[in-house]
Amino acid sequence: MVKVLAVLLNNTTLVIFIISGIVAVTLGLIYIFTKTVLPNSDTFRQRYKSKSVVEKDVAVLGKMTYMLDYSYQTARLSVNLFQLRNIVGVKENADIYLTVDLSTSKQILKTALLHKTEKVTINQEFQFYVILEDVFESELTVVLCLYKKIHRDISFAQARIKVLEDNIQQNRTCSFFKYRLKASENRGSICLMLRYNAITMNLAVAVIECKGLPPMDWDGSTNPRVTVKIMLKGMVILRKRTPVIRCNRNPYYNFTCRCTVLPKEAHLVTIVVKIKEYEMLQRDRLIGGVKLGMLSDNDMLESHFQRMIENPRKPITEWHDILPP
(Lines give C-alpha, C1' and ligand atoms only; values in the text may rest on other atoms or scores of the structure.)
Protein backbone atom coordinates (compact mmCIF):
# COMPACT_ATOMS: atom_id res chain seq x y z
CA MET A 1 0.00 0.00 0.00
CA VAL A 2 2.85 2.34 0.87
CA LYS A 3 4.59 1.54 -2.42
CA VAL A 4 1.39 2.34 -4.38
CA LEU A 5 1.05 5.71 -2.63
CA ALA A 6 4.72 6.48 -3.34
CA VAL A 7 4.25 5.69 -7.04
CA LEU A 8 1.15 7.92 -7.22
CA LEU A 9 2.89 10.80 -5.48
CA ASN A 10 5.86 10.58 -7.85
CA ASN A 11 3.61 10.47 -10.94
CA THR A 12 1.60 13.71 -10.77
CA THR A 13 0.12 13.18 -14.25
CA LEU A 14 -1.53 9.94 -13.17
CA VAL A 15 -2.94 11.57 -10.03
CA ILE A 16 -4.44 14.45 -12.01
CA PHE A 17 -5.97 11.98 -14.49
CA ILE A 18 -7.60 9.91 -11.72
CA ILE A 19 -8.97 13.00 -9.94
CA SER A 20 -10.41 14.44 -13.17
CA GLY A 21 -12.05 11.08 -13.92
CA ILE A 22 -13.68 10.97 -10.49
CA VAL A 23 -14.94 14.56 -10.89
CA ALA A 24 -16.35 13.81 -14.36
CA VAL A 25 -18.19 10.70 -13.14
CA THR A 26 -19.60 12.61 -10.15
CA LEU A 27 -20.88 15.48 -12.32
CA GLY A 28 -22.44 13.01 -14.71
CA LEU A 29 -24.29 11.22 -11.93
CA ILE A 30 -25.54 14.55 -10.54
CA TYR A 31 -26.82 15.57 -14.00
CA ILE A 32 -28.64 12.25 -14.49
CA PHE A 33 -30.17 12.48 -10.98
CA THR A 34 -31.49 16.02 -11.47
CA LYS A 35 -33.00 15.20 -14.87
CA THR A 36 -34.67 11.90 -13.96
CA VAL A 37 -35.41 11.98 -10.22
CA LEU A 38 -35.99 15.72 -9.71
CA PRO A 39 -38.01 17.16 -12.64
CA ASN A 40 -38.05 20.91 -13.06
CA SER A 41 -40.94 23.24 -12.25
CA ASP A 42 -42.26 23.18 -15.84
CA THR A 43 -42.61 19.39 -15.66
CA PHE A 44 -44.53 19.62 -12.38
CA ARG A 45 -46.74 22.41 -13.73
CA GLN A 46 -47.67 20.49 -16.89
CA ARG A 47 -48.25 17.24 -14.97
CA TYR A 48 -50.56 18.65 -12.32
CA LYS A 49 -52.42 21.09 -14.56
CA SER A 50 -53.15 18.38 -17.14
CA LYS A 51 -54.28 16.07 -14.35
CA SER A 52 -56.60 18.68 -12.86
CA VAL A 53 -58.11 19.45 -16.28
CA VAL A 54 -58.92 15.77 -16.82
CA GLU A 55 -60.43 15.36 -13.36
CA LYS A 56 -62.43 18.61 -13.18
CA ASP A 57 -63.51 19.46 -16.70
CA VAL A 58 -63.89 16.17 -18.57
CA ALA A 59 -65.77 14.15 -15.93
CA VAL A 60 -69.40 13.56 -16.99
CA LEU A 61 -71.76 13.94 -14.00
CA GLY A 62 -74.95 12.79 -15.72
CA LYS A 63 -77.00 12.67 -18.93
CA MET A 64 -80.41 14.02 -19.96
CA THR A 65 -82.75 13.36 -22.87
CA TYR A 66 -84.61 16.33 -24.32
CA MET A 67 -86.32 17.67 -27.46
CA LEU A 68 -86.52 21.19 -28.93
CA ASP A 69 -89.36 22.58 -31.06
CA TYR A 70 -89.91 26.00 -32.58
CA SER A 71 -93.23 27.49 -33.69
CA TYR A 72 -92.77 29.97 -36.55
CA GLN A 73 -96.31 31.31 -36.08
CA THR A 74 -96.08 32.21 -32.39
CA ALA A 75 -92.25 32.65 -32.30
CA ARG A 76 -91.90 30.35 -29.31
CA LEU A 77 -89.16 27.85 -28.56
CA SER A 78 -90.39 24.77 -26.67
CA VAL A 79 -87.93 22.83 -24.50
CA ASN A 80 -89.10 19.36 -23.47
CA LEU A 81 -87.08 17.64 -20.73
CA PHE A 82 -87.72 13.90 -20.49
CA GLN A 83 -85.31 12.00 -18.26
CA LEU A 84 -82.13 12.28 -16.14
CA ARG A 85 -79.85 9.27 -15.70
CA ASN A 86 -76.40 8.26 -14.45
CA ILE A 87 -76.12 11.18 -12.02
CA VAL A 88 -72.76 11.03 -10.21
CA GLY A 89 -71.90 12.69 -6.90
CA VAL A 90 -75.47 13.15 -5.58
CA LYS A 91 -76.87 11.09 -2.70
CA GLU A 92 -79.74 8.71 -3.35
CA ASN A 93 -83.22 10.24 -2.82
CA ALA A 94 -81.73 13.74 -2.55
CA ASP A 95 -84.00 16.63 -3.56
CA ILE A 96 -82.94 18.13 -6.91
CA TYR A 97 -84.37 20.41 -9.58
CA LEU A 98 -83.32 21.88 -12.93
CA THR A 99 -83.17 25.49 -14.09
CA VAL A 100 -83.41 26.32 -17.80
CA ASP A 101 -81.87 29.55 -19.11
CA LEU A 102 -81.86 30.79 -22.73
CA SER A 103 -79.08 33.17 -23.73
CA THR A 104 -81.40 35.40 -25.82
CA SER A 105 -84.10 35.57 -23.13
CA LYS A 106 -84.21 37.04 -19.64
CA GLN A 107 -86.35 34.21 -18.28
CA ILE A 108 -84.94 31.52 -15.98
CA LEU A 109 -87.45 28.69 -15.61
CA LYS A 110 -87.36 25.94 -13.00
CA THR A 111 -88.72 22.39 -12.83
CA ALA A 112 -90.66 20.93 -9.96
CA LEU A 113 -88.77 19.28 -7.10
CA LEU A 114 -87.45 15.82 -8.03
CA HIS A 115 -85.97 12.91 -6.08
CA LYS A 116 -82.67 11.53 -7.26
CA THR A 117 -82.84 7.90 -8.35
CA GLU A 118 -81.03 5.86 -10.99
CA LYS A 119 -83.37 7.29 -13.65
CA VAL A 120 -85.27 10.50 -12.86
CA THR A 121 -88.38 11.16 -14.95
CA ILE A 122 -88.97 14.86 -15.65
CA ASN A 123 -91.54 15.17 -18.50
CA GLN A 124 -91.86 18.96 -18.30
CA GLU A 125 -92.10 21.55 -21.05
CA PHE A 126 -90.82 25.15 -21.06
CA GLN A 127 -91.48 27.88 -23.61
CA PHE A 128 -89.38 30.91 -24.50
CA TYR A 129 -90.41 33.78 -26.77
CA VAL A 130 -87.62 34.17 -29.36
CA ILE A 131 -87.76 35.86 -32.75
CA LEU A 132 -86.67 33.86 -35.79
CA GLU A 133 -83.46 35.88 -36.31
CA ASP A 134 -82.18 34.97 -32.85
CA VAL A 135 -83.43 31.44 -32.27
CA PHE A 136 -80.60 29.61 -34.06
CA GLU A 137 -77.93 31.83 -32.47
CA SER A 138 -79.02 31.13 -28.91
CA GLU A 139 -77.78 28.63 -26.33
CA LEU A 140 -79.64 26.78 -23.59
CA THR A 141 -78.05 26.31 -20.17
CA VAL A 142 -79.57 23.62 -17.97
CA VAL A 143 -78.30 23.63 -14.38
CA LEU A 144 -78.76 20.74 -11.96
CA CYS A 145 -79.32 22.13 -8.45
CA LEU A 146 -79.39 20.48 -5.02
CA TYR A 147 -82.28 21.68 -2.87
CA LYS A 148 -81.46 22.63 0.73
CA LYS A 149 -84.18 23.27 3.27
CA ILE A 150 -82.15 25.56 5.53
CA HIS A 151 -79.07 26.58 3.53
CA ARG A 152 -78.74 28.12 0.10
CA ASP A 153 -79.32 25.74 -2.82
CA ILE A 154 -76.18 24.38 -4.51
CA SER A 155 -75.62 24.52 -8.29
CA PHE A 156 -74.02 21.13 -8.89
CA ALA A 157 -73.72 20.54 -12.65
CA GLN A 158 -74.64 22.16 -15.94
CA ALA A 159 -75.27 21.26 -19.57
CA ARG A 160 -75.01 23.65 -22.52
CA ILE A 161 -77.17 23.03 -25.61
CA LYS A 162 -76.71 24.87 -28.90
CA VAL A 163 -80.05 25.59 -30.61
CA LEU A 164 -79.47 24.38 -34.17
CA GLU A 165 -81.92 23.80 -37.00
CA ASP A 166 -80.90 20.12 -37.13
CA ASN A 167 -81.90 19.66 -33.46
CA ILE A 168 -85.52 20.76 -33.92
CA GLN A 169 -88.15 18.04 -33.30
CA GLN A 170 -85.59 15.33 -32.58
CA ASN A 171 -84.81 13.47 -29.38
CA ARG A 172 -81.31 14.32 -28.21
CA THR A 173 -79.04 13.52 -25.26
CA CYS A 174 -76.77 16.02 -23.51
CA SER A 175 -74.12 15.55 -20.82
CA PHE A 176 -73.76 17.39 -17.51
CA PHE A 177 -70.37 18.69 -16.41
CA LYS A 178 -69.17 20.50 -13.30
CA TYR A 179 -70.97 23.79 -12.73
CA ARG A 180 -69.00 26.91 -13.62
CA LEU A 181 -69.92 30.38 -12.44
CA LYS A 182 -70.80 33.06 -14.94
CA ALA A 183 -68.60 36.13 -15.20
CA SER A 184 -71.35 38.18 -13.55
CA GLU A 185 -71.38 35.95 -10.43
CA ASN A 186 -68.79 37.59 -8.18
CA ARG A 187 -67.24 35.58 -5.35
CA GLY A 188 -65.57 38.57 -3.69
CA SER A 189 -61.88 39.31 -3.16
CA ILE A 190 -59.15 38.41 -0.67
CA CYS A 191 -56.09 40.31 0.56
CA LEU A 192 -52.92 38.20 0.96
CA MET A 193 -49.41 39.03 2.16
CA LEU A 194 -46.41 36.93 1.10
CA ARG A 195 -42.90 37.16 2.55
CA TYR A 196 -39.83 34.95 2.08
CA ASN A 197 -36.53 35.22 3.93
CA ALA A 198 -33.82 33.24 2.13
CA ILE A 199 -31.41 33.56 5.08
CA THR A 200 -33.71 31.99 7.67
CA MET A 201 -35.53 29.91 4.98
CA ASN A 202 -38.84 31.19 6.36
CA LEU A 203 -41.94 31.50 4.14
CA ALA A 204 -44.83 33.52 5.62
CA VAL A 205 -48.36 33.69 4.23
CA ALA A 206 -50.82 36.11 5.85
CA VAL A 207 -54.57 36.23 5.24
CA ILE A 208 -55.48 39.86 5.93
CA GLU A 209 -59.16 40.16 5.04
CA CYS A 210 -61.93 39.31 2.56
CA LYS A 211 -64.52 41.57 0.97
CA GLY A 212 -67.78 41.03 -0.87
CA LEU A 213 -68.29 37.34 -0.10
CA PRO A 214 -71.57 35.93 -1.46
CA PRO A 215 -74.44 35.05 0.90
CA MET A 216 -74.41 31.33 1.72
CA ASP A 217 -77.29 30.95 4.22
CA TRP A 218 -81.03 31.40 3.80
CA ASP A 219 -80.94 34.71 5.72
CA GLY A 220 -78.27 36.21 3.42
CA SER A 221 -75.38 35.85 5.89
CA THR A 222 -72.03 34.06 5.61
CA ASN A 223 -69.85 32.33 8.22
CA PRO A 224 -66.49 32.25 6.43
CA ARG A 225 -63.11 30.85 7.31
CA VAL A 226 -59.96 30.52 5.20
CA THR A 227 -57.72 27.46 4.85
CA VAL A 228 -54.09 27.78 3.72
CA LYS A 229 -52.22 24.82 2.28
CA ILE A 230 -48.56 25.06 1.24
CA MET A 231 -47.34 22.36 -1.14
CA LEU A 232 -43.82 21.49 -2.31
CA LYS A 233 -43.42 19.19 -5.34
CA GLY A 234 -46.98 17.98 -4.88
CA MET A 235 -46.60 17.19 -1.16
CA VAL A 236 -48.35 19.16 1.60
CA ILE A 237 -45.84 20.65 4.04
CA LEU A 238 -48.22 22.98 5.95
CA ARG A 239 -51.98 23.13 6.51
CA LYS A 240 -53.60 25.89 8.59
CA ARG A 241 -57.01 27.50 8.90
CA THR A 242 -58.30 30.77 10.31
CA PRO A 243 -60.97 31.12 13.02
CA VAL A 244 -64.61 31.36 11.91
CA ILE A 245 -66.08 34.87 11.76
CA ARG A 246 -69.85 34.52 11.95
CA CYS A 247 -72.43 36.51 9.99
CA ASN A 248 -69.85 38.65 8.20
CA ARG A 249 -69.38 38.99 4.45
CA ASN A 250 -66.34 41.25 4.92
CA PRO A 251 -64.28 39.38 7.54
CA TYR A 252 -60.95 40.66 8.90
CA TYR A 253 -58.50 37.92 9.97
CA ASN A 254 -54.86 39.14 10.06
CA PHE A 255 -53.86 35.48 10.32
CA THR A 256 -50.25 34.42 9.54
CA CYS A 257 -48.78 30.94 8.99
CA ARG A 258 -45.11 30.09 8.47
CA CYS A 259 -43.04 27.16 7.25
CA THR A 260 -39.44 26.38 6.29
CA VAL A 261 -38.50 26.17 2.60
CA LEU A 262 -35.01 25.84 1.15
CA PRO A 263 -33.95 28.68 -1.21
CA LYS A 264 -33.31 26.27 -4.10
CA GLU A 265 -36.86 24.89 -3.73
CA ALA A 266 -38.73 28.18 -3.24
CA HIS A 267 -39.83 28.35 -6.90
CA LEU A 268 -41.43 24.87 -6.58
CA VAL A 269 -43.88 25.98 -3.86
CA THR A 270 -47.64 26.19 -4.46
CA ILE A 271 -49.87 28.10 -2.02
CA VAL A 272 -53.53 27.01 -2.07
CA VAL A 273 -55.96 29.39 -0.33
CA LYS A 274 -59.62 28.36 0.00
CA ILE A 275 -62.54 30.31 1.46
CA LYS A 276 -65.21 28.09 3.00
CA GLU A 277 -68.63 28.47 4.58
CA TYR A 278 -68.53 26.96 8.08
CA GLU A 279 -71.10 24.23 8.76
CA MET A 280 -71.65 22.89 12.25
CA LEU A 281 -73.27 19.53 11.39
CA GLN A 282 -71.82 18.78 7.97
CA ARG A 283 -68.80 19.37 5.77
CA ASP A 284 -67.85 23.00 5.10
CA ARG A 285 -69.05 24.36 1.74
CA LEU A 286 -66.45 25.81 -0.60
CA ILE A 287 -67.00 29.43 -1.67
CA GLY A 288 -63.89 29.78 -3.83
CA GLY A 289 -60.13 30.12 -3.67
CA VAL A 290 -56.84 31.05 -5.33
CA LYS A 291 -53.53 29.32 -6.11
CA LEU A 292 -50.18 31.10 -6.06
CA GLY A 293 -46.72 29.85 -6.97
CA MET A 294 -45.76 27.06 -9.32
CA LEU A 295 -49.40 26.15 -10.18
CA SER A 296 -50.83 29.69 -10.18
CA ASP A 297 -54.37 30.11 -11.49
CA ASN A 298 -53.59 33.24 -13.55
CA ASP A 299 -50.88 35.78 -14.37
CA MET A 300 -51.80 38.15 -11.52
CA LEU A 301 -51.34 35.44 -8.90
CA GLU A 302 -48.10 34.25 -10.49
CA SER A 303 -46.79 37.83 -10.58
CA HIS A 304 -47.53 38.24 -6.85
CA PHE A 305 -45.52 35.11 -6.04
CA GLN A 306 -42.60 36.09 -8.32
CA ARG A 307 -42.40 39.54 -6.69
CA MET A 308 -42.04 37.81 -3.31
CA ILE A 309 -39.14 35.69 -4.65
CA GLU A 310 -37.42 38.69 -6.22
CA ASN A 311 -37.76 40.84 -3.07
CA PRO A 312 -36.52 38.73 -0.12
CA ARG A 313 -37.48 39.81 3.41
CA LYS A 314 -39.98 42.31 1.98
CA PRO A 315 -43.73 41.71 2.58
CA ILE A 316 -45.71 41.83 -0.70
CA THR A 317 -49.44 42.52 -0.20
CA GLU A 318 -52.05 42.36 -2.95
CA TRP A 319 -55.80 41.94 -3.47
CA HIS A 320 -57.03 39.03 -5.63
CA ASP A 321 -60.44 38.08 -6.98
CA ILE A 322 -61.72 34.85 -5.45
CA LEU A 323 -62.07 32.26 -8.20
CA PRO A 324 -64.98 29.79 -8.27
CA PRO A 325 -64.28 26.18 -7.28
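In this predicted model, Ala-157 stands opposite Lys-178 in strand E9. That pairing is a handy way into the sheet contacts around strand E8, the strand that spans residues 154–162. E8 and E9 (residues 171–178) pair in the antiparallel sense, over two bridges. Ala-157 in E8 also has Leu-144 standing opposite. Here the partner strand is E7 (residues 139–146), and eight bridges join E7 to E8, again running antiparallel.

As for E10 and E17, the two are joined by six bridges and run antiparallel; Cys-191 stands opposite Trp-319 in E17.

Now for the packing. In soluble globular proteins, nonpolar side chains tend to be buried together. The largest nonpolar core in this model has 36 residues, and those with the most contacts inside it are Ile-190, Leu-203, Val-226, Ile-230, Val-269, Ile-271 and Ile-275. At least two residues of this core come from each of strands E10 (189–197), E11 (202–211), E12 (224–232), E14 (252–260), E15 (269–277) and E16 (285–293), and from helix H5 (299–310). Apart from this core lies another, of 35 residues, including Leu-61, Tyr-66, Leu-98 and Phe-156.

Leaving out residues up to four places away in sequence, Val-226 touches Ile-190, Val-207, Cys-210, Tyr-253, Val-273 and Ile-275, along with Lys-240, Arg-241, Thr-242 and Lys-274.

The cysteines round out the picture. The structure holds zero disulfides. Cys-210 is in no disulfide, and the nearest cysteine sulfur, that of Cys-191, is 9.0 Å away; a disulfide would need the two sulfur atoms within 2.5 Å. Cys-210 has a relative accessible area of 0% and is therefore buried. Cys-174 counts as buried too, because its relative accessibility is 6%, and the cut-off for buried is under 20%.

Key. Residues are numbered from 1 along each chain as its sequence is written. This is a predicted model: local features need pLDDT of at least 70, side-chain atom pairs count only at pLDDT 80 or more; totals for chains, interfaces and linings use all residues. Side-chain values use heavy atoms; hydrogens and water are left out. A nonpolar core is a set of buried Ala, Val, Leu, Ile, Met, Phe, Trp, Tyr and Cys residues joined through side-chain atoms within 4.5 Å. Buried means under 20% relative accessible area, exposed over 50%, partly exposed in between (1.4 Å probe, protein chains only). Helices (H or I, at least four residues) and strands (E, at least two) are DSSP runs, numbered from the N terminus. Contact means heavy atoms within 4.5 Å. Two strands pair if DSSP finds at least two bridges between them.
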